Amino acid sequence: MRIAIAGTNRLAYWVAHYLADEGQHQFILLSRTPKPPLTARGWQVIIVDYSNQGNLIFNLAGIDVVVSTVLGSVQLSLIDAALDAGVERFIPADYGGSLSRRMPVDPLDRGQSAAISRLQQYESRGMAHTVFACGILYERFYPGGMRSANIGQNSGASEEGDYLANIRSMRSQIPYDASGRPAMISMTAAQDVGHFIVAALDLPQRPREFRMRGDRMNASDLVRVAEVIRGAGFERAQHNAGTLRDRLTLARSSHNEQETIRVHLLIATGEGRFDFDDANLNGLVDFTPIRFQDWLHTVWAGELS
């Protein structure tokens, strides 16, 4: 099987890492610019022009599966080229909550819905697709935020403390669900997302959606894990749907786009967007993903010493 990984962010890196470690499939990475650190590892990096369909089709010739980590119009161009190149299966950059929990009008959408719609149209033309839902990435709690982890740098909420808990300042925002309980969250480390994707490539099952997680807990317990790591209690602000709507109104009135996205993330968490009962991929693979507390301790150990 030949795999093309679109993008060179940290998630793309982990997919490539596990493909190389497994050694059963050939792969290339598609990038708009040279990436010497990746080629130094012996990985093949192909420079592509996403605005040139002929260039994309040429570089996807002979590829069986595309794993995308790019978004927006770039991903749509990639989907179109993959179909024309005869790619059998497309894995879109839609690593978050389950599709079944997505709102019809999604304020957090960054082109994912358009990509899914395009892929559904192309199913009848022979190109299958699978979404890998992972809940919340642990990297939202990485020192320096997701931006420092080289993930979601243009998401508008990629800085340290942008989601739920600021480990450094020990402040937290805890969303509650409609029943008055702290919202449940499924979560996965980016490294394990890459591992799950590679492990699933050879499975006979090819559903429209695989769901995976490394851990599952409510928002209050998540903050409690962070408190254990810091050895002290956090400031806790508790939010229901009403208080979050008030915060959203204030953020919009002040034209604070980053705060608007942060509040939308909390609202989505309270609505159950990033949780699922059935992690249908976990039982099909032969590895154990890292637990959130272990991951958090590892990445913050050097910061807090």
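Author: A charge sits over a ring if NZ of Lys or CZ of Arg is within 6 Å of the ring centre and within 35 degrees of the ring normal. This is a predicted model, in which local features need pLDDT of at least 70 and side-chain atom pairs count only at pLDDT 80 or more, while totals for chains, interfaces and linings use all residues. Residues are numbered from 1 along each chain as its sequence is written, and side-chain values use heavy atoms, with hydrogens and water left out.

Reader: What places arginine 140 over the face of tyrosine 163?

Author: Arginine 140 lies at 5.7 Å from the ring centre of tyrosine 163, and the limit is within 6 Å. The charged end of arginine 10 likewise sits over a ring, that of tyrosine 13, at 4.3 Å from its centre.

Reader: Why is the pair of tyrosine 13 and tryptophan 43 called tilted?

Author: Rings of Phe, Tyr and Trp (its six-membered ring) pair if their centres lie within 6.5 Å; planes under 30 degrees apart count as stacked, over 60 as edge-to-face and the rest as tilted. The structure holds twelve aromatic pairs. In this one the centres are 5.5 Å apart and the planes stand at 50 degrees, so the pair of tyrosine 13 and tryptophan 43 is tilted. Tyrosine 13 belongs to helix α1 (residues 10-22) and tryptophan 43 to the loop between α2 (36-39) and β3 (45-47), 30 residues apart. Helices (H or I, at least four residues) and strands (E, at least two) are DSSP runs, numbered from the N terminus.

Reader: How do you know whether tyrosine 13 is buried or exposed?

Author: Buried means under 20% relative accessible area, exposed over 50%, and partly exposed in between (1.4 Å probe, protein chains only). Tyrosine 13 has 14% relative accessibility and therefore counts as buried. Tryptophan 43, at 8%, therefore counts as buried too.

Reader: What makes phenylalanine 132 and phenylalanine 210 a tilted pair?

Author: Their rings are 5.6 Å apart centre to centre, with 45 degrees between the planes. Phenylalanine 132 lies in strand β7 (residues 131-133) and phenylalanine 210 in strand β12 (residues 209-211), so the pair ties together parts 78 residues apart in sequence. Both residues are buried.

Reader: What makes strand β4 and strand β5 partners?

Author: Two strands pair if DSSP finds at least two bridges between them. Three bridges join β4 (residues 65-68) to β5 (residues 89-91), and these strands run parallel. Valine 67 stands opposite isoleucine 91 in β5.
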